[in-house]
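Q: I would like to learn how to read a structure like this one, feature by feature. Where do we begin?

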Amino acid sequence: QVQLVESGGGLVQAGGSLRLSCAASGRTFSSYSMGWFRQAPGKEREFVAAIRRSDSRTFYADSVKGRFTISRDNAKNTVYLQMNSLKPEDTAVYYCAAGSYSTNPGTYTYWGQGTQVTVSS
């Protein structure tokens with residue numbers, strides 16, 4: 001069992017930056033690949049970024065490539081999402097998830113409660 005708690009969301013102006021953190025409980029954090037997803041009002045949950053458990057290889061959605069960076073610290077049981085050059089269209093609730101290295105939310109077993117990110121124009 002893994003419990004995930006996101007933090008770091010908030011209100012930021014367009015062009016600004018935020019760093020999201022996702023703290024995991026349990027001693028099996030390093031056994032999971034981790035992903036970040038987001039969901040805007042009225043829209044489906046969409047993939048943002050993933051980091052593989054074995055070698056920390058990363059993959060990004062085209063919409064965030066070059067602006068967002070996912071990383072993990074297995075010693076701290078934490079995964080991060082550094083978000084730079086934020087745009088109003090990045091506004092959403094951001095969720096971290098633990099599971100397989102995939103863009104498909106159905107392959108992730110554990111989910112956090114989400115943290116709101118709002119980007120003003």
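A: Begin with one pairing inside the model, which is predicted. Tyr-94 has Thr-115 as its bridge partner in E11.

Q: Over how many bridges do E9 and E11 pair, and in which sense?
A: Strands of a sheet pair through backbone hydrogen bonds, and the pairing can be parallel or antiparallel. Here E9 and E11 are antiparallel, with three bridges between them.

Q: Which residue of E9 is the bridge partner of Arg-38?
A: Tyr-94 is that partner. The strands concerned, E4 and E9, run antiparallel and are joined over seven bridges.

Q: How does E9 pair with E10?
A: The pairing of E9 and E10 is antiparallel and covers three bridges. Within E10, Trp-111 stands opposite Ala-97.

Q: How many residues of E9 are buried?
A: Seven of its eight residues are buried, so E9 is largely enclosed by the rest of the structure.

Q: Which residue in E8 is the bridge partner of Ile-70?
A: Leu-81 is the partner of Ile-70. E7 and strand E8 (residues 78–83) are antiparallel and pair over six bridges. As a general point, side chains in a regular strand alternate between the two faces of the sheet.

Q: Which residues have the most contacts inside the largest nonpolar core?
A: That core has 36 residues, and the ones with the most contacts inside it are Leu-4, Met-34, Trp-36, Leu-81, Met-83 and Tyr-94. Elements giving two or more residues to the core include strand E3 (18–24), strand E4 (33–39), strand E5 (46–51), E7 and E8. Strand E9 (92–99), strand E10 (108–111) and strand E11 (115–120) are also among them.

Q: What is Met-83 in contact with, leaving aside its neighbours within four places in sequence?
A: The contacts of Met-83 are Gly-16, Ser-17, Leu-18, Leu-20, Arg-67, Phe-68, Tyr-94 and Val-117.

Q: How many disulfides does the count come to?
A: A disulfide is a covalent bond between the sulfur atoms of two cysteines. The count here is one. It joins Cys-22 to Cys-96, with an S to S distance of 1.9 Å. Cys-22 lies in strand E3 and Cys-96 in strand E9, 74 residues apart, and the pair links distant parts of the chain.

Q: What is the handedness of the disulfide, and why?
A: The torsion about the S-S bond of Cys-22 and Cys-96 is about 45°, so this disulfide is right-handed.

Q: Are Cys-22 and Cys-96 buried or exposed?
A: Both cysteines, Cys-22 and Cys-96, are buried.

Q: Where does Asp-90 lie?
A: Asp-90 is in the loop between E8 and E9. Asp-90 has a relative accessible area of 1%, so it is buried.

Q: Which side chain joins that of Asp-90 in a polar contact of 2.9 Å?
A: The side chain of Arg-38 does. Leaving aside neighbours within four places in sequence, the residues in contact with Asp-90 are Arg-38, Arg-67, Phe-68, Ser-85, Val-117 and Val-119.

Terms used
Residues are numbered from 1 along each chain as its sequence is written. This is a predicted model: local features need pLDDT of at least 70, side-chain atom pairs count only at pLDDT 80 or more; totals for chains, interfaces and linings use all residues. Side-chain values use heavy atoms; hydrogens and water are left out. Two strands pair if DSSP finds at least two bridges between them. Helices (H or I, at least four residues) and strands (E, at least two) are DSSP runs, numbered from the N terminus. A nonpolar core is a set of buried Ala, Val, Leu, Ile, Met, Phe, Trp, Tyr and Cys residues joined through side-chain atoms within 4.5 Å. Buried means under 20% relative accessible area, exposed over 50%, partly exposed in between (1.4 Å probe, protein chains only). Contact means heavy atoms within 4.5 Å. A disulfide is a pair of cysteine sulfur atoms within 2.5 Å. A polar contact is a pair of N or O atoms within 3.5 Å; within protein, one must be able to donate a hydrogen and the other to accept it, and residues adjacent in sequence count only if both atoms are side-chain atoms.
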